[in-house]
Amino acid sequence: MTTAGAPVGADGRARCDWALNSDDELRYHDTEWALPVRDDQGMFERISLEAFQAGLSWRTVLVKRPAFREVFHDFAIAKVAAFDADDVARLLDDARIIRSRAKIEAVIANARAALELPGGIARLVWSFQPESAPVPVSAADVPPTTPDSVALSKELKRRGFRFVGPTTAYATMQAAGLVNDHLRDCWRRPGVNDR
């Protein structure tokens, strides 16, 4: 059953389509997605997880999130920035995470780049918050990128970040609450930042 584009789950609540794919996604949707993330460590985690998600399902990342948090020291930027070749080798041997050398090395490089940012990573990302965004009625109304995510991607790359293309940048903006892409009839939409 759907309510003007938002499917209704077993509990009778209308939600964004993707939230009904698994219990992990439902929990993430209901408790985290699109809520404002203002701290550097939280923002670094979102950017890192979205980079690992590239080409994979979000559920895959969520299932592995506890292990990611463990091996990346809860995404403490200074600790990750200090990782060396031995750490990369250790992570490549850890079956609990996504073992992509390019993505692992990108997270480390991104931590180093984040340390160089005056004001921090959260402040930089939030400087790309759009003035307003249309309210999506269905999943088809949610864009994969926006001019703001293209601009954020370019700025992050200019500052040495990797695996931060416009789609990944937009997914970070969604996850961190810069945009509210909960569908119009999703029960979570009123509870998050509507800018």
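Modeller: Let's start at Phe-163, which is partly exposed, with a relative accessibility of 32%. On that scale buried means under 20% relative accessible area, exposed means over 50%, and partly exposed is what falls in between, using a 1.4 Å probe and protein chains only. Before going further: this is a predicted model, so local features need pLDDT of at least 70 and side-chain atom pairs count only at pLDDT 80 or more, while totals for chains, interfaces and linings use all residues. Residues are numbered from 1 along each chain as its sequence is written, and side-chain values use heavy atoms, with hydrogens and water left out.

Back to Phe-163. This residue sits in the loop between α8 and α9, where helices (H or I, at least four residues) and strands (E, at least two) are DSSP runs numbered from the N terminus. Most residues other than glycine have a negative phi. Ala-34 also has a positive phi, near 75 degrees, without being a glycine. Ala-34 belongs to the loop between α1 and α2, and it counts as buried because its relative accessibility is 0%.

Lys-103 and Phe-163 are 60 residues apart along the chain, yet their C-alpha atoms are separated by 7.1 Å. Lys-103 is part of helix α6, residues 101-115, and at 8% relative accessibility this lysine counts as buried.

Now over to His-29 in helix α1. Is His-29 buried or exposed? Buried, at 0% relative accessibility. Among the buried residues of α1 are also Glu-25, Tyr-28 and Asp-30, and the cover over the buried residues of this helix includes α3 (58-71) and α9. The side chains of His-29 and Asp-30 are joined by a polar contact of 2.8 Å. By that I mean a pair of N or O atoms within 3.5 Å; within protein, one must be able to donate a hydrogen and the other to accept it, and residues adjacent in sequence count only if both atoms are side-chain atoms. Leaving aside neighbours within four places in sequence, His-29 contacts Arg-15, Cys-16, Trp-18, Ala-19, His-182, Cys-186 and Arg-188.

Two cysteines turn up in that contact list, Cys-16 and Cys-186. How many disulfides does the structure hold? The count is 0, taking a disulfide as a pair of cysteine sulfur atoms within 2.5 Å. For Cys-16, the nearest cysteine sulfur is that of Cys-186, 3.9 Å away, and seen from Cys-186 the nearest is that of Cys-16, at 3.9 Å. Cys-16 counts as buried at 2% relative accessibility, and Cys-186 is buried too, at 3%.

His-182 shows up again with Arg-189, whose side chain reaches its backbone oxygen at 2.8 Å. The side chain of Arg-189 also gets to the backbone oxygen of Asn-180, at 2.8 Å. This arginine is in the segment after α9 and is buried, at 8%. Gln-129 is in the loop between α7 (121-126) and α8 (147-158), and it counts as buried at 16%.

Last stop, the largest pocket, with about 540 Å³ of space. Of the 23 residues lining it, the closest to its centre are Trp-18, Trp-33, Trp-58, Ala-171 and Gln-174. The elements giving two or more residues to the lining are α1 (23-31), α2 (40-53) and α9 (166-175), and α9 gives the most, with 6 residues. For the method: on a 1 Å grid over the protein atoms alone, a pocket is an open set of points where a 1.4 Å probe fits, with protein on both sides within 12 Å along at least five of seven lines, and lining residues have an atom within 4 Å of a point. Grid points are joined across faces, edges and corners, and the volume is the space filled by probe spheres set on them. By class, the lining has 14 nonpolar, 5 polar and 4 charged residues. Nonpolar covers Ala, Val, Leu, Ile, Met, Phe, Trp, Tyr, Cys and Pro, charged covers Asp, Glu, Lys and Arg, and the others, Gly among them, are polar.

Conventions
Contact means heavy atoms within 4.5 Å.
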